[in-house]
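Thanks for making time this morning.

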Amino acid sequence: MRSNLQAEDKHITAPLTETPIMETVSSLAGLRAQIGSWQQAGHSIALVPTMGNLHDGHLSLLRRARECAERTVVSIFVNPIQFGKGEDYDKYPSTLAEDKNKLEKYGLDLLFTPDLGQLYPGGTDADTRVNVPELSNILCGKFRPGHFSGVATVVVKLLANAQPDVALFGEKDYQQLLVIKRMVRDLCLPVEIVGMPIVREADGLAMSSRNAYLAPAQRRQAPLIYHTLRAAADSLRQDGSDLEAIERDAMHGLEQAGFRPEYVSIRRSEDLGAPTPQDTRLSILAAAWLGPARLIDNVQVRLNPS
């Protein structure tokens, strides 16, 4: 693997010094041709998969990608098979022109914008699916059956064709990040998966394309999900002997504030398993509806060893 990202100290070597001119390709053949030319030149490659409607959270991934590798690729594709029946696939915001303008300013090398036929040549009903057991069926997977299989399937397609040394994903979708890491490990794929910290608005709300669904009053209320998780983290650090009580109190607080929470759950950060008294790295994760928007968030907690 040719990545400049080091496993332990994250020491970064300088990428290519010239300012790249962004190219856009929509076909797998075009993507493979460009990737092949870079590989022949010995260049390392970083991939940032997105569904578009880019915000500063996405752009933080691109900034890091340029530090990790000599060539950077961003994909924009709204993946239908990760949306369940009645979800927002048809109304997911599409802002390709604005996205291109943002990416050009950040020195992207290649933008990949496939259509449905490129990634699903046999159609979406009968295509091969990738499933990551256990991790895919809990938390968000419990409320969105098939979602993580859809995510894993499209990510495998992107990794197989872009052949990056490094692929970057945000930690806001923490369960998704772990699903992808597990998939890459289990399928022995030669790519390093890098998780990047959540980028938040000034009031604490995690940046998300779905925040645009919120009415002004809902938008003012939305940061409470983050503040609720922070309060739960404080309780966990002070006296984490009753995890269920902490989860229950957080759920109740969100309900009282007008949210429709699906879950607030304290899990082991490594694999989202049930914590034991010996675990010191924990995650508090939540999913809750506020009006038409399904919001997810998480905070990471480190406890002192007992």
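Eight of the ten residues of strand S8, residues 281-290, are buried, so S8 is largely enclosed by the rest of the structure; buried here means under 20% relative accessible area, with exposed over 50% and partly exposed in between, using a 1.4 Å probe and protein chains only. Please keep in mind that this is a predicted model, in which local features need pLDDT of at least 70 and side-chain atom pairs count only at pLDDT 80 or more, while totals for chains, interfaces and linings use all residues. Residues are numbered from 1 along each chain as its sequence is written, and side-chain values use heavy atoms, with hydrogens and water left out. As for the labels, helices (H or I, at least four residues) and strands (E, at least two) are DSSP runs numbered from the N terminus.

Let me stay with S8 and turn to its sheet. Three strands form an open sheet in the order S7-S8-S9 with antiparallel pairing, where two strands count as paired if DSSP finds at least two bridges between them. S7 and S9 stand at the edges with a single partner strand each, so one side of each is left without a neighbour in the sheet. Neighbouring strands of this sheet are turned by 10 degrees against each other on average, direction ignored.

Where does Ala-293 sit? Ala-293 is found in strand S9, and it is buried, with a relative accessible area of 0%. Leaving aside residues up to four places away in sequence, Ala-293 touches Arg-210, Tyr-213, Leu-214 and Ala-288, contact meaning heavy atoms within 4.5 Å.

Now to the helices beside this sheet. Helix H9, residues 224-238, lies across S7, S8 and S9 and runs at about 25 degrees to S9; axes are lines fitted to C-alpha atoms, for helices over the stretch in contact, and angles run from 0 to 180 degrees between N-to-C directions. H9 also packs with helix H10, residues 243-256, at an angle of about 160 degrees, their axes being 10 Å apart. That makes H9 roughly antiparallel to H10, on a scale where angles under 35 degrees count as roughly parallel, over 145 as roughly antiparallel, 65 to 115 as roughly perpendicular and the rest as oblique. Leu-224, Ile-225, Thr-228, Ala-232, Ser-235 and Leu-236 of H9 meet Leu-243, Ile-246, Ala-250 and Leu-254 of H10.

The other sheet is organised as follows. It is an open sheet of six strands in the order S1-S4-S3-S2-S5-S6, with parallel pairing. Strand S1 (23-25) and strand S6 (192-196) stand at the edges, each with a single partner strand, so one side of each is left without a neighbour in the sheet. The twist averages 25 degrees from one strand to the next. Within this sheet, six bridges join strand S2, residues 45-50, to strand S3, residues 71-76, and the partner of Ile-45 in S3 is Arg-71. Helix H3, residues 96-105, packs on the sheet, touching S1, S3 and strand S4 (110-112), and its direction makes about 165 degrees with that of S3.

Helix H6, residues 147-162, lies across S2, S3, S4 and strand S5 (166-170), running at about 150 degrees to S2. H6 packs with helix H7, residues 174-186, at an angle of about 55 degrees, with axes 10 Å apart, and the two are therefore oblique to each other. The contact is made by Phe-148, Val-151, Ala-152, Val-155, Val-156 and Leu-159 of H6 and by Gln-175, Gln-176, Val-179, Ile-180, Met-183 and Val-184 of H7.
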